[in-house]
Amino acid sequence: MEKKSTPVLLVGAPIQEGFSMKKLLFAVLLNAALVGCAGYVPGRQSYWDAQVKEMCAKDGGVTVYEIVELSEDEYMRLGGMNGGLSLPSASSKKNYHPYFYELIDSQIRESSPTVMRTEMLVIRGSDKKILGRSVQYFRRGGDFPTGIVEDSTFICPENLQLTNQIFRVKGRIK
């Protein structure tokens, strides 16, 4: 009876018995692609976009508590342009600026896709009164993992322009 030998692949040794480099390369690439796609679920992005829309419908958007009228001089001195003011953040509040904003970020989902809630408060420095607030939700990621392009995003609502709704210049028609 003839004894059959089992082929052995050794580093530097020739490949034996019909085992081709093409097959090996294909197997390595297939495994890399499968590992790279681990965790990708096609409906996950759509699911979280629907969740973002639902949360946005509940409390997203702008709420103005007080409209502040400024003279043209005050508006220009405070850096006004295009109907709004560029405000300093609460952490970098400039002493000369009577208004500032505060951001409150809440992580709703950490893994891909990332889902966040961002609340912006516009505050008058003299009495710490909140003049207005905006709430936005956004989803980032959940795309097919390619590593080539940026993750997609979904934001609700868009273009809130909170300061444009709080600050008005006397004499200008809005």
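**A hairpin, its salt bridges and the cores**

Mentor: Let us begin with a strand pair: β3 and β4 (residues 114-124) run antiparallel and are joined by ten bridges. Please bear in mind that this is a predicted model.

Trainee: How many residues lie between β3 and β4 in the hairpin?

Mentor: The hairpin formed by β3 and β4 has four residues between the strands.

Trainee: Which residue in β4 does Ser 106 stand opposite?

Mentor: Ser 106 stands opposite Arg 117 in β4.

Trainee: And Arg 117, is that buried or exposed?

Mentor: Arg 117 counts as buried, because its relative accessibility is 16% and the cut-off for buried is under 20%. Arg 117 also forms a salt bridge with Glu 119, in which the closest N and O atoms are 3.3 Å apart. Glu 119 is likewise classed as buried, at 12% relative accessibility.

Trainee: Which residues are linked with Arg 117 and Glu 119 in a network of salt bridges?

Mentor: Asp 59 and Arg 133 are linked with Arg 117 and Glu 119 in that network.

Trainee: What about Thr 118: where does it lie?

Mentor: Thr 118 lies in strand β4 and counts as buried at 18% relative accessibility. Its side chain makes a polar contact of 2.8 Å with the side chain of Asp 105.

Trainee: Which residues does Thr 118 touch, leaving aside those up to four places away in sequence?

Mentor: On that basis, Thr 118 touches Leu 103, Ile 104 and Asp 105, and also Ser 134, Val 135, Gln 136 and Phe 138.

Trainee: Back to the charges. How many salt bridges does a search of the whole structure find?

Mentor: The search finds eight salt bridges. One of them pairs Glu 66 with Lys 129, with 2.7 Å between the closest N and O atoms.

Trainee: Changing topic: where does His 97 lie?

Mentor: His 97 lies in the loop between α3 (72-77) and β3 (99-109).

Trainee: Which backbone oxygen does its side chain reach at 3.0 Å?

Mentor: The side chain of His 97 reaches the backbone oxygen of Tyr 99 at that distance. The backbone oxygen of Leu 78 is also reached by the His 97 side chain, at 3.4 Å.

Trainee: What else does His 97 touch?

Mentor: Beyond residues up to four places away in sequence, His 97 touches Leu 78, Ser 86, Leu 87 and Pro 88. As for Gly 79, its C-alpha atom is separated by 9.7 Å from that of His 97, and the two residues are 18 apart along the chain.

Trainee: Now the nonpolar residues. How many residues are in the largest nonpolar core?

Mentor: That core has 13 residues, and Leu 70, Tyr 99 and Phe 167 have the most contacts inside it. The elements giving two or more residues to this core are β2 (68-70), α4 (162-166) and β7 (167-169). There is also a second, separate core of seven residues, which includes Val 52, Cys 56, Val 115 and Val 135. In soluble globular proteins, nonpolar side chains tend to be buried together.

Trainee: Last one: how many helices and strands does the protein have?

Mentor: The protein has four helices and seven strands, in the order α-α-β-β-α-β-β-β-β-α-β along the sequence. Of its 174 residues, 28% are buried. The accessible surface comes to about 12000 Å², and carbon and sulfur atoms account for 56% of that surface.

Methods
Residues numbered from 1 in each chain as written. Predicted model: local features only at pLDDT ≥ 70, side-chain atom pairs only at ≥ 80, totals over all residues. Heavy atoms only, no water. Core = buried A, V, L, I, M, F, W, Y, C linked by side-chain atoms within 4.5 Å. Buried < 20%, exposed > 50% of the residue type's maximum accessible area, 1.4 Å probe, protein only. Contact = heavy atoms within 4.5 Å. Polar contact = N/O pair within 3.5 Å; in protein donor to acceptor, adjacent residues only side chain to side chain. Pairing = 2+ DSSP bridges. Salt bridge = Lys/Arg side-chain N within 4 Å of Asp/Glu carboxyl O. Areas by Shrake-Rupley, 256 points an atom, 1.4 Å probe, with all protein chains shown as cover.
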